[in-house]
Amino acid sequence: YFLVSIAGLLYALVQLGQPCDCLPPLRAAAEQLRQKDLRISQLQADLRRPPPVPAQPPEPEALPTIYVVTPTYARLVQKAELVRLSQTLSLVPRLHWLLVEDAEGPTPLVSGLLAASGLLFTHLAVLTPKAQRLREGEPGWVRPRGVEQRNRALDWLRSGGGAVGGEKNPPPAGTRGVVYFADDDNTYSRELFEEMRWTRGVSVWPVGLVGGLRFEGPRVQDGRVVGFHTAWEPNRPFPLDMAGFAVALPLLLAKPNAQFDATAPRGHLESSLLSHLVDPKDLEPRAANCTRVLVWHTRTEKPKMKQEEQLQRQGRGSDPAVEV
Ligand SMILES: *[C@@H]1O[C@H](CO)[C@@H](O)[C@H](O)[C@H]1NC(C)=O
């Protein structure tokens, strides 16, 4: 049995040594195996290496708070605008929304929306004085909008009081933060908020679709603001859109007289605040030295209500109990 086995084995070995047409596929298989071995040993080596330290985002508590000031007034598209803005703001950590209604007191629509938003917020309300209000038939630009409301938010930041909902206490002394004036109809990239978060004085960036241009914004050379790209009244001290700058909270608190001037000429509202706060040459350019547009001055079309009015005359208007 032993001899027969050895003979068989020898025969088999001899046969293996013979060239046969089964060799090329075998070689290919061996080559594949070798490649796989190589790959496995590479992977094993990778595993033995300590994993790279992941870029840890800082803890939210370590971040300066972004105070977003939004004036708003009742109109057909108000809720749609506020839902859109609140959901953008929900993407931003460490943010406190100061929503200021142009109304005598809080309205159920805005209170409900804030409560449902999940955001940290302060609800304020102040009615624009009659003399400053836009009159029937006047074009939107003759009087600056939202002045009382933005100033109301500045008052709250400085001394607190008067909040009609949400967080009632102003930021404690020494709070690190930045204040941004975000109207409810613009479009904001979430990236914009990280650009402004570490503002030391006043930071600036371009705004898209404003001033009759593709964008308006600071001109930057060697990392400093040297001028402004604007077509309209370029000699304004700060030819900037409201959405194009943010102010460090400590700076605003250190300059208690800095506020918006309702009587400022057209286009000078931003300058009326900023000239209290900063020299144009000290503006801090953000958004890749002001080469990236991260906020757009979009305008929502006023919806036409012709059919609604027609149905209302027939007593069949849309159910007023349904909030729109
Ligand atoms: C801005 O410009 C300065 C000076 O040219 C440069 O050092 C800096 O890296 C630039 N910053 C960005 C974000 O591109």
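**A phenylalanine and its surroundings**

Mentor: In this predicted model, Phe-245 is in contact with Tyr-180, Phe-181, Val-202, Ser-203, Val-204, Trp-205, Leu-240, Glu-270, Leu-273 and Leu-274, when residues up to four places away in sequence are not counted. Phe-245 also belongs to the largest nonpolar core, a set of 35 residues. Within that core, the residues with the most contacts are Phe-245 itself, Phe-181, Val-202, Leu-273 and Leu-277.

We may turn next to a loop. Thr-175 is placed between strand 4 (165–166) and strand 5 (177–181). A polar atom of the Thr-175 side chain lies 2.4 Å from the backbone oxygen of Pro-172. Leaving aside residues up to four places away in sequence, Thr-175 touches Tyr-67, Leu-249 and Pro-250.

The ligand remains to be described. Around the ligand stand Asp-222, Gly-223, Ala-288 and Asn-289. By class, this shell consists of 1 nonpolar, 2 polar and 1 charged residue. Asn-289 places a polar side-chain atom 2.3 Å from an oxygen atom of the ligand. Taken alone, the ligand exposes 360 Å², and the protein buries 33% of that area.

Note on methods. Residues numbered from 1 in each chain as written. Predicted model: local features only at pLDDT ≥ 70, side-chain atom pairs only at ≥ 80, totals over all residues. Heavy atoms only, no water. Near = heavy atom within 4 Å. Polar contact = N/O pair within 3.5 Å; in protein donor to acceptor, adjacent residues only side chain to side chain. Areas by Shrake-Rupley, 256 points an atom, 1.4 Å probe, with all protein chains shown as cover. Nonpolar A, V, L, I, M, F, W, Y, C, P; charged D, E, K, R; others polar. Core = buried A, V, L, I, M, F, W, Y, C linked by side-chain atoms within 4.5 Å. Buried < 20%, exposed > 50% of the residue type's maximum accessible area, 1.4 Å probe, protein only. Contact = heavy atoms within 4.5 Å. Helix = DSSP H or I, 4+ residues; strand = E, 2+ residues; numbered from the N terminus.
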